[in-house]
Every structure is written in C-alpha cells, then in structure tokens.
Amino acid sequence: MKAIAVVPGKPDSVHLAELAKPSLSEVPDGRGVLVRVLRVGVDGTDKEINAAEYGAAPDGYGFLVVGHEGFGQVEAVGPHVTFLRPGDFVVATVRRPGTSLYDAIGLQDMTTDTRYFERGINLRHGYLTEYYVEDEEFVVKIPQGLRDVGVLLEPMTIAEKGITQAWEIQRRLKVWRPKNAAVMGTGTLGLLATLVLRLRGLDVTAFGRTPAPYLNAELVEAIGARYISTAERTIASAADEHGPFDLIFEGTGSSAVVFDSMQVLAKNGVLVLTSITGGNKTLEIPADRINLDFVLGNKVMVGSVNASRENFESGVRDMAQAEAEYPGWLRRLLTHPVHGLDRYRDLFDRLQNPNGAIKIFCEVG
C-alpha cells in the first residue's frame, strides 16, 4: 500500500513509499483494530520533520511515514475488541507508552523518557497511508455527526490538554473563576483554543499578525471572541483595555510573544505554552519586573505537549457542543484539501507556502 514518508535526517526527502497492508494479528491478545484512512491533516510538525529538524524512523526501516492527525473508518476488529465495530469512524492517539511511571498509568504524553514513541513523528509510522492497525486502547470513536470535521480532533486535543492543565493547576486556589482569556496566535491551534475557551464561557481576545478583514479574524468573531492584529496594536495596549488575562494560551512559535504574554497575565493567572520555538533568538526583557510580578502575583507558566486519551475524549465532546452552538464553524477551518497520496508534493508545497490556509489535509480515502 502507498504511504507518504521522509528519510529522517535528510532535508526535503518527502516521497511516496510502499508498505505491506497491516493485519489484525500484529496486535496481541485479539485487541487489534484495522482502520482505513480517510483524511490526514498536516501541520508545522510535518514540515519540520521534512526539513530534518527532528524525527526518527521505526527500528528496521530507513524511512518514517509521516502524518499524526489521522481520521478513518474501522474495517475489521480482533475477537477481544470491546467497544469498536466495523464502520465506526475513529481517530487514533499519537504517543505510545515507554518505560516511565507516567507511561505505565496511561499518561505517555507526560513521559520522562528520553526515547519516546509518536506516530508519524518519532520511531513509529504515522497515518499518511491507506491503512493502519492499532490496539483499541489508542483508538477513539468519532460520532457520525462529526464525520466531516473529525480530522480536526488531534489538533483540538492540544488545546484541550493545555486548558485542562490550567484548571488542574488552579485547584491550588480552591476557587478559580477565570473571566478573561487571551489566545496568542490564530492558526488552527489558536482558533481551536479560542473555541474551547468560549465553550467554557470566557471572554476571549485572540491575537494574530494579519489585519482584518481576514478569514481567521472572522472565525474568531463568529464565536463571540474579539480579534486584535498585533500589526496594528501591541499586546500590552490591548491588555490595558481587555485584560489583564486570567488564562493565556500561547501558540505562536515566537519567544518574544511568550515574554509579552508574561507581562499581561493577571494575578493568580496561568500562561500555557504549547508552541515550539527554534533558533537562537535573544531578547532584551524587563527580567526583574517579570520575576517580581510572578512572585507577588502567584502566577504560573506551564509547558504542555501532546495529549492523552482523556483529552481526545473531551475534544470529541467539545466538538459536538461546537456543532450545536456554532453549526458549520469547524468545517470552515478545513480550507485546503489535497486529493490522494500521490500528490504528496502538492501537500508539502502547500504546507511550505500556506497562503492563507488554515487546515491543509490529504483526502486519502
């Protein structure tokens, strides 16, 4: 069967590879689920792997099948599968257990292992192929009503985990009732984080670089949030009017925005960092003031990566609620389909030059 793969460590090595179709027997104890892939989203992670910034092939392979945002339909199940049936729509989680204590309790997204296993990212093949087989433990059912938007679940889980972590941390306060939130960045992740926070009843200010009119700004405002372009206004001046912010979700990939966010966080606030900042940028910052405000204000900054099964399940619930409250909104994020695995070059060219795209995805099935 066909698959889109890269040679880890070799820049711009994306190509069409061949794999044997997997079988249920590859999963022990009769718990296998054979999934026919329908759609796979791509994002900055796939671009960075193709640029040879990170990523490793599974043992015994000279290539890595990419794609971690999969959506498919169950074709067959093993005799001991308990909750999935042929015909079900599904999304599989990304990270697989290692050896740490956290891996042992199902929180492999919190692993302390140096060697970790992620579908389509590190040491495990991904979903940009025709079929995959997986243990039902790592497969999440998608309701029929979310079929058209199910490919958005994996990026949704990054927002779900980060925001859930904020609430978990704030149990320390006994009572925490955030009112104002900010989202830094209005790409796919920023839009989904804005959605999750709106579903929780927060007043949300989303910051992006592009001035309105702009599709992403329109999507922000369509769910009752406000959009502010940082090309027209500073984060600090916007916070004077709409902040300070009890919760800030940062997803821009800019370290400068991280430090700007630290300075507009409210007392008892939480700043959630989800973006990867590469390079060697240096900044001049008011370090003493930031330190003082964090100490005296009982503020928290936390990093969040990947997601657990629980975050996938909460993502399904929030997507269903979004379809009820803002019908059609999620579909508007699916801006750029590429049809067929054979068009892998078009897929990665579009990823390299998004030109207004929100979610780029491959129509596999």
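Trainee: How many residues has α9, and how far does α9 reach from its first C-alpha to its last?

Mentor: This is a predicted model, in which local features need pLDDT of at least 70 and side-chain atom pairs count only at pLDDT 80 or more, while totals for chains, interfaces and linings use all residues. Residues are numbered from 1 along each chain as its sequence is written, and side-chain values use heavy atoms, with hydrogens and water left out. Helices (DSSP runs of H or I, at least four residues) and strands (runs of E, at least two) are numbered from the N terminus. The expected span of a helix is 1.5 Å times one less than its number of residues, and for α9 the expected 24 Å is close to what is found: 17 residues, reaching 24 Å.

Trainee: Which elements cover the buried residues of α9?

Mentor: Buried means under 20% relative accessible area, exposed over 50%, and partly exposed in between, with a 1.4 Å probe and protein chains only. The buried residues of α9 include F312, V316, D318 and A322. Contact means heavy atoms within 4.5 Å, and the covering elements include β6 (89-92), β11 (139-142), α3 and α4.

Trainee: How are α4 and α9 oriented, and which residues of α9 does α4 meet?

Mentor: Axes are lines fitted to C-alpha atoms, for helices over the stretch in contact, and angles run from 0 to 180 degrees between N-to-C directions. The two axes come within 11 Å and cross at roughly 80°; because 65 to 115 degrees counts as roughly perpendicular (under 35 is roughly parallel, over 145 roughly antiparallel, the rest oblique), α4 is roughly perpendicular to α9. From α4, the residues L195, V196 and L199 meet D318, Q321, A322 and E325 in α9.

Trainee: With which side chain does the side chain of K161 make a polar contact?

Mentor: K161 is found in helix α3 and is buried, with a relative accessible area of 2%. Residues touched by K161 include M110, S304, N306 and N311. A polar contact is a pair of N or O atoms within 3.5 Å; within protein, one must be able to donate a hydrogen and the other to accept it, and residues adjacent in sequence count only if both atoms are side-chain atoms. For K161, at 2.9 Å, the partner is the side chain of D109.

Trainee: Which side chain is joined to that of R95 by a polar contact?

Mentor: R95, in strand β7 (residues 95-96), is buried at 8% relative accessible area. A polar atom of its side chain lies 3.3 Å from the backbone oxygen of Q108. The side chain joined to R95, at 2.9 Å, is that of E118.

Conventions: Lists of a residue's contacts leave out its neighbours within four places in sequence.
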